[in-house]
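Hi there,

Here is the structure I promised to pass on. Have a look at it first, and then read my notes below.

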Amino acid sequence: MSFLSDEDGRSKAAVAVAILSVSTAAVMIRLCESGPMTVAFYRLLFTTMMVAPWALAMDRDCFRGLDWKAWARLACIGLVLAVHFALWVTSLGMTSVANSTVLVTTHPIFVAAISFALLGESPRRSALIGA
């Protein structure tokens with residue numbers, strides 16, 4: 001049986017857990033009494049601790065084949081993600097959960113606009129309709 005097969009419903013259960021986790025994250029963070037940087041740090045730490053063993057088990061050779069430039073790009077992406085979470089968690093203390101969630105989920109609109117303005121990239125029709 002393949003890891004990705006869904007004969008026993010594990011994939012559906014994993015998606016349900018993921019949706020529940022993401023859907024309740026803002027409320028749980030808002031209820032937390034720790035500072036925003038602490039919350040963002042532990043959120044990323046625990047996610048890395050859960051995902052890294054799975055990623056290594058799936059394709060360890062993929063990581064061995066990366067050169068230092070690829071690792072540097074991955075580090076930059078990680079830094080951007082850390083800043084994103086730090087700002088989002090901070091925003092939860094400054095506005096309502098609804099406002100914060102709306103702002104953080106509109107990032108595809110901003111990415112499309114900035115890509116068009118700075119890089120001259122026109123978004124595809126499927127991206128514009130959200131597919």
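**What turned up**

A pocket here is an open set of points on a 1 Å grid over the protein atoms alone, where a 1.4 Å probe fits, with protein on both sides within 12 Å along at least five of seven lines. Its volume is the space filled by probe spheres set on the points, which are joined across faces, edges and corners.

Before going on, please keep in mind that this is a predicted model, where local features need pLDDT of at least 70 and side-chain atom pairs count only at pLDDT 80 or more, while totals for chains, interfaces and linings use all residues. Residues are numbered from 1 along each chain as its sequence is written, and side-chain values use heavy atoms, leaving out hydrogens and water.

Back to the second largest pocket. Its lining has 13 residues (lining means having an atom within 4 Å of a point), and Val83, His84, Leu87, Trp88 and Val104 lie nearest the centre. Helix 3 (68-92), helix 4 (97-105) and helix 5 (107-119) each give two or more residues to this lining; helices are DSSP runs of H or I with at least four residues, numbered from the N terminus. Helix 3 has the largest share, with seven residues. By class, the lining has eight nonpolar residues, five polar and no charged. For these classes, Ala, Val, Leu, Ile, Met, Phe, Trp, Tyr, Cys and Pro are nonpolar, Asp, Glu, Lys and Arg are charged, and the others, Gly among them, are polar.

The largest pocket has a volume of about 410 Å³. Of its 15 lining residues, Ser21, Val22, Arg43, Thr47 and Met50 lie nearest the centre. Helix 1 (10-31) and helix 2 (36-64) each supply at least two lining residues, and helix 2 has the largest share with eight. Twelve residues of this lining are nonpolar, two are polar and one is charged.

Next, the core. Which residues make up the largest nonpolar core? There are ten: Ala25, Ala26, Ile29, Val39, Ala40, Phe85, Trp88, Val89, Leu92 and Val104. Buried means under 20% relative accessible area, exposed means over 50%, and partly exposed is in between (1.4 Å probe, protein chains only). Leaving aside residues up to four places away in sequence, Val89 touches Ile29, Pro36, Val39 and Ala40 (contact means heavy atoms within 4.5 Å).

Finally, the rings. The whole structure has four aromatic pairs. Phe63 and Trp71 have ring centres 6.5 Å apart and planes at 25°, so they are stacked. Phe63 is partly exposed at 29%, and Trp71 is partly exposed at 43%. Phe85 and Trp88 pair edge-to-face, 6.3 Å centre to centre with 65° between the planes. Phe85 counts as buried at 12%, and Trp88 is buried at 11%. For the terms: rings of Phe, Tyr and Trp (its six-membered ring) pair if their centres lie within 6.5 Å, and planes under 30 degrees apart count as stacked, over 60 as edge-to-face and the rest as tilted.

Happy exploring!

Conventions:
Core = buried A, V, L, I, M, F, W, Y, C linked by side-chain atoms within 4.5 Å.
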